[in-house]
Each structure stands twice: as structure tokens, then as C-alpha cells.
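Subject: Structure handover

Hello,

Here is the structure I promised to pass on. Please open it alongside this message and follow the notes below.

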Amino acid sequence: MIKVAILGYGTVGSGVFEILNANSEIISKRAGDDIQVKYVLDLRDFPGDPAEPYVIHDFAEIEKDSEVQIVVETMGGLHPAYEFVKASLESGKSVCTSNKALVAAYGPELLDLAKSKNANFLFEASVGGGIPIIRPLKTSLAPDVILEISGILNGTTNYILTEMTDNGSDFDTVLKDAQDKGYAEKDPTADVEGYDACRKIAILTSLAYGKQLDFEDIYTEGITKITDRDINYAKKIGAKVKIFGSSKKVGDKVSAMVAPKLITHEHPLYSVDGVFNAILVKGNMVGDVMFYGQGAGKLATASAVVSDIMDASKHVNVNINTLWDHEKLDLLPISDVKSKFLVRVSGSKNDNEENVNKAFGKVTPVDAGYDDEYGFITEEITEAAYEKAADELGNVINKIRFDA
């Protein structure tokens, strides 16, 4: 029998407990052994809850208990999650986590520690919630050179942009609606500013190329500047605005970015709306592969955690090798990344056309019916060239890149 300790009895932790109990029979058959929760660590008590008999408040009990072979970290945040996970691995216990902040910050260190102890550090649920993506990158797509990863990695922002597109709502109204429905946190900064997606693309890119990509090094732009006018310009050209986390091989370097982008109906992710997530992976042999589903939610995320628990139970005292070195990826400077841009400038077309052509060269005008501004699409140019031209004009309202 495999004994498990769950750290944190919040949304995901309680989901893990629920799945292990509700699906215990099929989980045991597929894992090859019975899996049983021995402890649930939390600061709170849960009178009347099914987990009540297992609740403890001192992590040292778990750390010292040799019967516990797998620790499940669903606390979130960096501290004390990092200290508890590190101590668990040092005592020879495998760890399964849904904590993207922890994985993005300490992935290589914790993987090395797990390997040295013949244990495992598994984190399928840290990206994409219930969407399987970590394990496919490590196994199914292992024969391929990954050329590109592009994903709608945050359900909150995808919901907001979908509502703005379909219903003409403004950002603030939709954000409040998302909070009322539980799709957005009380403090939505990590979602709407792109930080959540940034950590996820950092993890995926590090796994794809086997080297560390620090999330702090990724250019990140949120959706707070997107307005109803941006949405209308997108509709005029048959496009939608989505926020993407993306990385791509460019020669011997990798470019990475989180930003709103325009996609047309030919794009595989065009129809991914609402709270759903999707990740497109391009391999040099397999071609395009898409992963789609619920990127968050109690049971969807908990299901991914339990899949890791089952994997760890099959590999007691056997390390599952994961290629993710401390060596940093050679990142293409953001100034060298190329895109087409939809640009809006203040003033009429007549007031701007000459200066725009002088600054940007050839452009394609877009008429969305506004007399007080001028919209146009640039040719493919570097970020540095865009910034230079925008500075020359001095009246840019907003810009959105195209996903190439």
C-alpha cells in the first residue's frame, strides 16, 4: 500500500482527496497498488469533512513518517511550499505538485534532488490544469525537436477576451463578471498582467529544450490595455484577440513572449473560447499537435495531480529522468523578435498617412469606422524597428501583434 500526505486542503488539495476516495478502485488497478491518504496538512480544522480524521498541523509528522512515500503539494506560493517539498525529497519521498510558481522558480534544483534520492518530482498539474501536456512533452514528443509552443494558457483572460468579443463588453465589466463567477481571483493581477501564463510557458519551454528559462526573462504583456476598439479592429479583419504564451526556435536561440495576439480563423486555436485552454506544439517530425481542455478547476487540476501520484507509485525508489538542466537557454533578445503589428494612432487618416508611411514604410490601412484615429497593419518588422517608428510618430494609442 502507498501512503500519501496532502499539503494544503484548499481547492486542489480537497479535489485530490475526493478523487483518491471516489475512484479508489480504478486507481488501485491502474497503479498496481492501493493508494491511501494518511495525512492532510493544513492550518485549519475541517469538522464534519471526510478529511477531518486525517488533518494535522505539523509538517514534521509527515517528514519523519517513513510510511509516507508520496507527498502532494497543493499549498501554492513559494514559501513554505519550497521548504516542505525540499524536506520531503531529502527524506526520500516523491513529490507531486500543482504549484507553477514553485516549479518555475526551483524546477532544476528539485529535479536534481529527487534524482539523488531515487525519488520523483512530478508536476503535470502545474501547466494546463487537467490538460495533459508535461508528460507528453517528456515521453510522446521525446523523439522530436520542438520547433514551437504556443498556447492559450490562462482561462481567466481567455474568458474576458471572449466576452469582450462576443458581447461588446468593456474590460472592467467583464473582469467583475469573471470574479463574480469565480473565474478570476479577488486580486486578478497574476492573470490579467500575464504573469500566470509567463510561468507556464517558462516551464514548457524549459522542458522542451532541456535548459532553464527564467520567467523573469520573458517579455510579458497583459490584457489591461485591450479596449472595445481593439476588438472591433480585429473583427474588421476577421480576427480575434487572444493572449498567448509562446516560444519558438530561431536558429540556435529561442524566442519567448507572453502578449495579446491577433489570430484568424485559419489558426488552430481560433475557436478556443471562454475558460478553456489549448496548447499547440510543433515538432520537427510529428508536426502540429494540439492539447485542449479545462486549464483550471478543482477536479480537472486534481485529476492531473492524481495521475502523477499514480506514476510515482509505479516508480517507488526509481527516478523518472527529466531533462531540465540548470544551464540557461540562449534567449533571443526581444528587440530582435519579428512580428506584424496592428497599430492605432490618434488623429484621422489624412492627418497621419504621410507620417505613418515615412515611419513604418508600407502599411495596410484598416477602417473600423472611427474618425478620430487611424488603424493600419505593418509588414513583418522587429520589435526594435516597431519601437523606433512608434517613437517617431509619438501618437500611438495601442498595438497588437499577429501570431505568425
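In strand β12, A278 is the bridge partner of I152. This is a predicted model, so please read everything below with that in mind. I152 belongs to strand β7 (residues 146–152), which runs antiparallel to β12 and is joined to it by 6 bridges.

β12 has another partner. It pairs with β13 in the antiparallel sense, over 8 bridges. V281 stands opposite V289 of β13. The two strands form a hairpin, with 3 residues between them. How much of β12 is covered? Mostly: 6 of its 8 residues are buried.

**Aromatic pairs**

The structure holds 14 aromatic pairs. One of them is F59 with F84, a stacked pair with 4.3 Å from centre to centre and 10 degrees between the planes. This pair links distant parts of the chain. F59 is in helix α3 (residues 59–64) and F84 in helix α4 (residues 81–90), 25 residues apart. F59 counts as buried, at 8% relative accessibility.

The ring centres of F276 and Y292 are 5.2 Å apart and their planes lie at 5 degrees, so the pair is stacked. F276 sits in strand β12 (residues 276–283) and Y292 in strand β13 (residues 287–294), 16 residues apart. F276 is partly exposed, at 30% relative accessibility. Y292 is partly exposed too, with a relative accessible area of 45%.

Which residues form one aromatic cluster? They are F341, F360, Y374, F376 and Y386.

The charged end of R229 sits over the ring of Y370, 4.0 Å from its centre. K240 lies over the face of Y270, with 4.4 Å to the ring centre.

**A second hairpin**

Look next at strands β17 (residues 363–366) and β18 (residues 373–378). They run antiparallel and are joined by 4 bridges. V363 stands opposite T378 in β18. β17 and β18 form a hairpin with 6 residues between them. In the turn, G369 has a positive phi of about 90 degrees.

**Nonpolar cores**

In soluble globular proteins, nonpolar side chains tend to be buried together. Here, the largest nonpolar core has 77 residues. Those with the most contacts inside it are I62, F121, F123, I133, I203 and L204. Helix α10 (residues 195–209) gives the most to this core, with 8 residues.

What does I203 touch, leaving out residues up to four places away in sequence? The list is K100, V103, A104, F123, S126, V127, I134 and W324.

**Salt bridges**

Side chains of opposite charge can pair when their charged atoms come close. A search of the whole structure finds 29 salt bridges.

Start with E25 and K29. Their closest N and O atoms are 3.6 Å apart. Both residues lie in helix α2 (residues 24–31), 4 residues apart, which is about one turn of the helix. Is E25 buried or exposed? E25 is exposed, and so is K29.

Now R135 and D311. Their side chains meet in a salt bridge of 3.3 Å, N to O. The pair links distant parts of the chain, 176 residues apart. R135 is in helix α6 (residues 134–138), and D311 is in helix α12 (residues 298–314). R135 counts as partly exposed, at 26% relative accessibility. D311 is buried, with a relative accessible area of 16%.

Last, K261 and D403. They form a salt bridge with their closest N and O atoms 3.9 Å apart. K261 lies in strand β11 (residues 253–264) and D403 in the segment after β20 (396–402), so the pair ties together parts that are 142 residues apart in sequence. K261 counts as buried, at 8% relative accessibility. D403 counts as buried as well, at 14%.

There is also a network. Salt bridges that share partners join R229, D230, R344, D372 and E373.

Best wishes

Technical notes:
Residues are numbered from 1 along each chain as its sequence is written. This is a predicted model: local features need pLDDT of at least 70, side-chain atom pairs count only at pLDDT 80 or more; totals for chains, interfaces and linings use all residues. Side-chain values use heavy atoms; hydrogens and water are left out. Rings of Phe, Tyr and Trp (its six-membered ring) pair if their centres lie within 6.5 Å; planes under 30 degrees apart count as stacked, over 60 as edge-to-face and the rest as tilted. Buried means under 20% relative accessible area, exposed over 50%, partly exposed in between (1.4 Å probe, protein chains only). A charge sits over a ring if NZ of Lys or CZ of Arg is within 6 Å of the ring centre and within 35 degrees of the ring normal. A nonpolar core is a set of buried Ala, Val, Leu, Ile, Met, Phe, Trp, Tyr and Cys residues joined through side-chain atoms within 4.5 Å. Contact means heavy atoms within 4.5 Å. A salt bridge is a side-chain nitrogen of Lys or Arg within 4 Å of a carboxyl oxygen of Asp or Glu. Two strands pair if DSSP finds at least two bridges between them.
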